[in-house]
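Biologist: Hi! Could you walk me through this one? I'd like to start with a single contact and build up from there.

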Amino acid sequence: MFIGNITIDWDLAAKSFMPILMGGLKYTLPLAIASFIIGLVIAFVMAMCRLSSIKLLQWIARIYISIIRGTPLLVQLSIVYFGLPDLGINISPIYGAIIALSLNVGGYAAEVIRASILSVPKGQWEAGYTIGMGYFQTLRRVIIPQAMRVSIPPLSNTFISLVKDTSLASTITVTELFRRAQEITATSYNFLLLYCEAAFIYWIFCFILSIIQNIIEERLDRYVAK
């Protein structure tokens, strides 16, 4: 089929769709999920360090967050995968991608979690102390459940962005969605068609995730006093 001077090879589009989609299902989504979970753990630790009264912990968290937010993800990925072998630390592409993406998520999500905890009224802390709870008990039973509702929208957006950011893992040969598209274009040379196909699949993933995000937010809103 011709559109202007562009030829659309529908046979190629049909044949390449499943391999590209499987790259997304086998690598893109699992990579994003694993990195997000690990990143949340790092983010929570960094957020608590930022809220700590110990200056050293505050500065460690500040420096970490500043470095992560102040450097490109591609550079971070390159340091982990190409740089660490100089120190004798060899990492497989998939683990290198998980480490770099997790550290990146940790830097951005830490401020989201910190802001969510600070958004809970101080009276909630006092209420917990009044009934005999300690700091960590109050944090776990009173503060975190309320902070979670506030943090869901920005953290959901972070996860959706992370799904798209996994495309950078193609630079270290992880055969995720975009890498599969690159491999097929290397033999077909039909860049526009295949890259648009990859973009379409990314959009489908993110669209579905956005629907899930809206459902979660609506459910949480049921428990908020209007």
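Modeller: Happy to. The charged end of Arg62 sits over the ring of Trp59, 5.8 Å from the ring centre. A charge sits over a ring if NZ of Lys or CZ of Arg is within 6 Å of the ring centre and within 35 degrees of the ring normal. Keep in mind that this is a predicted model: local features need pLDDT of at least 70, side-chain atom pairs count only at pLDDT 80 or more, and totals for chains, interfaces and linings use all residues. Residues are numbered from 1 along each chain as its sequence is written, and side-chain values use heavy atoms, with hydrogens and water left out.

Biologist: Good to know. How many helices and strands does the chain have?

Modeller: There are eight helices and two strands. Helices (H or I, at least four residues) and strands (E, at least two) are DSSP runs, numbered from the N terminus. Along the sequence the pattern reads β-β-α-α-α-α-α-α-α-α.

Biologist: What box do the C-alpha atoms fill? And what share of the residues is buried?

Modeller: The C-alpha atoms fill a box of roughly 75 × 50 × 25 Å, taken along the principal axes. Of the 226 residues, 39% count as buried. Buried means under 20% relative accessible area, exposed means over 50%, and partly exposed is in between (1.4 Å probe, protein chains only).

Biologist: Which residues have the most contacts inside the largest nonpolar core?

Modeller: Those are Ala97, Ile117, Ile143, Phe159 and Leu162, in a core of 44 residues. A nonpolar core is a set of buried Ala, Val, Leu, Ile, Met, Phe, Trp, Tyr and Cys residues joined through side-chain atoms within 4.5 Å. The elements giving two or more residues to this core are α1 (10-51), α2 (55-70), α3 (73-83), α4 (93-119), α6 (135-165) and α8.

Biologist: Which of them gives the most?

Modeller: That is α4, with 10 residues.

Biologist: While we're on α4, is Leu101 buried or exposed?

Modeller: Leu101, which is found in helix α4, is buried, because its relative accessible area is 3%. Leu101 and Ser210 are 109 residues apart in sequence and 21 Å apart in space, C-alpha to C-alpha.

Biologist: Switching to charges: how many salt bridges are there?

Modeller: The count comes to four salt bridges, each being a side-chain nitrogen of Lys or Arg within 4 Å of a carboxyl oxygen of Asp or Glu. In one of them, Arg50 pairs with Glu111, and the closest N and O atoms are 3.4 Å apart. Arg50 lies in helix α1 and Glu111 in helix α4, so this pair ties together parts that are 61 residues apart in sequence.

Biologist: What other salt bridge does Glu111 form?

Modeller: Glu111 also forms one with Arg114, the closest N and O atoms being 3.3 Å apart. Glu111 and Arg114 both lie in helix α4, three residues apart, about one turn of the helix. Arg50, Glu111 and Arg114 are therefore linked in a network of salt bridges.

Biologist: And how accessible are Arg50 and Glu111?

Modeller: Arg50 counts as buried at 14% relative accessibility, while Glu111 is partly exposed at 22%.

Biologist: Now the aromatics. How many pairs are there?

Modeller: The structure holds nine aromatic pairs. Rings of Phe, Tyr and Trp (its six-membered ring) pair if their centres lie within 6.5 Å; planes under 30 degrees apart count as stacked, over 60 as edge-to-face and the rest as tilted. Phe178 lies in helix α7 (residues 177-188) and Tyr195 in helix α8, so the pair ties together parts that are 17 residues apart in sequence. Another tilted pair is Phe200 and Trp203, at 6.1 Å and 35°.

Biologist: Where do Phe200 and Trp203 lie?

Modeller: Both lie in helix α8, three residues apart, about one turn of the helix.
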